[in-house]
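Q: I would like to learn how to read packing features from a model. Could you walk me through some of them?

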Amino acid sequence: ANDLFASLPRGLFYNLEGLRADGTLSYHFLLDMDLALLDSLQLESSLTARNFRIVQYGNTDLRKMNEPFEYTAYENGEPVRTFKIGESNPSFRPFQAVSRYLPLAIMQSEDAGFFHHNGFIPSAIRESLILDLKERRFARGGSTLSMQLVKNVFLSRNKTIARKLEEMLIVWLIESNRLTTKERMFEVYLNIVEWGPLIYGAAEASHFYFAKEPSALTLGECIFLASIIPKPKHVRYCFDGLQLKPYYTEFYNVIINRLIDRGLITPEEAEGVRPEDLKITGPAKYYLAGPDEKPL
């Protein structure tokens, strides 16, 4: 294990430089691909540890999410906001201070197995790779919530192969060694995720769209918030005026059916939850109305 981390090229894996470990690691990788038959692509990747432990952290303490820390949000590679993830930030909300529907809706949309997997879903990575190859562009990421979180908290915004490898190693180290609990990871995620124009975290989003605390969010409001996570800057295009566009009906039905099928909500809770009934009551109504509209 120590040989692996010592062999990483200096300057390419900043967070891991200086990390020392005991034990052994075994890595298995298989990629079998025929460009004429992309759907038959095979991908296997697994890192197995024996008597593994971290003796010394490198440039970055990978346990940093366990304590309050400063988070910097970026746009187009430039920092736009820095704020504290912790109680000293009035917009910070503990996991239990958020409607239970919000993490449920996010998981069904982004990563249903978050509380059960070890940071990776090989089948999702395989499917995203197939789609990317078919469309000859990065059309789908295949990232788990763990991977999204590590990318945002620990890494630069430069999209390189080295950065992706560093992301995967950090995810493996955190998840496999339980450096941070799943609940704390989700708590951090809920407080840094972008939900609109310079809107970060569940509290800001809840007040921006619905003028309420995140603990009071309804199921329908939570499904809407989950839907805009992949493209938060495109939220204006989700609406005709202040009415969600008709294609949202399919997304709502998919999320609601998953929640019911998995026993996470009852049919009674889902009754009457429709995108056309969503009411934007917070300051977002002026933003969604367009740049020429002024608050009354």
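This is a predicted model: local features need pLDDT of at least 70, side-chain atom pairs count only at pLDDT 80 or more; totals for chains, interfaces and linings use all residues.

Q: Where is I199, and which residues is it in contact with?

A: I199 sits in the loop between helix 6 and helix 7. Once the neighbours within four places in sequence are left aside, I199 is in contact with V193, E194, E204, A205 and F208.

Q: Which geometry does the pair of Y209 and F224 have?

A: Y209 and F224 are edge-to-face, with 5.4 Å centre to centre and 80° between the planes. This pair links distant parts of the chain, with Y209 in helix 7 (residues 202–210) and F224 in helix 8 (residues 219–227), 15 residues apart. Y209 is at 0% relative accessibility and counts as buried; F224, also at 0%, counts as buried too.

Q: Which residues form an aromatic cluster with Y209 and F224?

A: One aromatic cluster is formed by F208, Y209, F210, F224, F239 and Y287.

Q: Which charged residues lie over the faces of F114 and Y287?

A: K182 lies over the face of F114, 4.4 Å from the ring centre. Over the face of Y287 you will find R236, at 4.0 Å from the ring centre.

Q: Now for helices: at what angle do helix 8 and helix 9 pack?

A: In general, two packed helices are described by the angle between their axes and the distance between the axes. Helix 8 and helix 9 (residues 248–261) pack at about 110°, and their axes are 11 Å apart. Helix 8 and helix 9 are therefore roughly perpendicular to each other, and helix 8 passes helix 9 in a right-handed crossing. On the helix 8 side the meeting residues are L219, G220, I223, F224 and S227; on the helix 9 side they are Y248, F251, Y252, I255, I256 and L259.

Q: How do the axes of helix 2 and helix 9 cross?

A: The axes of helix 2 and helix 9 come within 10 Å and cross at roughly 105°. That makes helix 2 roughly perpendicular to helix 9. L104, A105, Q108 and S109 of helix 2 make the contact with F251, I255, R258 and L259 of helix 9.

Q: Why is helix 6 described as largely enclosed?

A: Ten of its eleven residues are buried, so helix 6 is largely enclosed by the rest of the structure. Among the buried residues are K182, F186 and Y189. The buried residues of helix 6 pack against strand 3 (69–75), strand 4 (78–85), helix 2, helix 4 (145–154), helix 5 (161–176) and helix 7.

Q: How many residues of helix 4 are buried, and what covers them?

A: Eight of the ten residues of helix 4 are buried, so helix 4 is also largely enclosed by the rest of the structure. The buried ones include L145, M147 and F154. Their cover includes strand 3, helix 2, helix 5 and helix 6.

Q: To finish with the backbone, what phi values do N51 and N76 have?

A: Phi of N51 is near 55°, a positive value in a residue other than glycine. N51 is in strand 2 (residues 42–56) and counts as exposed at 68% relative accessibility. Phi of N76 is near 55°, again a positive value in a residue other than glycine. N76 lies in the loop between strand 3 and strand 4, and N76 is exposed, with a relative accessible area of 81%.

How values were computed: Residues are numbered from 1 along each chain as its sequence is written. Side-chain values use heavy atoms; hydrogens and water are left out. Rings of Phe, Tyr and Trp (its six-membered ring) pair if their centres lie within 6.5 Å; planes under 30 degrees apart count as stacked, over 60 as edge-to-face and the rest as tilted. Helices (H or I, at least four residues) and strands (E, at least two) are DSSP runs, numbered from the N terminus. Buried means under 20% relative accessible area, exposed over 50%, partly exposed in between (1.4 Å probe, protein chains only). A charge sits over a ring if NZ of Lys or CZ of Arg is within 6 Å of the ring centre and within 35 degrees of the ring normal. Axes are lines fitted to C-alpha atoms, for helices over the stretch in contact, and angles run from 0 to 180 degrees between N-to-C directions. Angles under 35 degrees count as roughly parallel, over 145 as roughly antiparallel, 65 to 115 as roughly perpendicular and the rest as oblique. A crossing is left-handed if the near helix is turned anticlockwise from the far one by less than a right angle, and right-handed if clockwise. Contact means heavy atoms within 4.5 Å.
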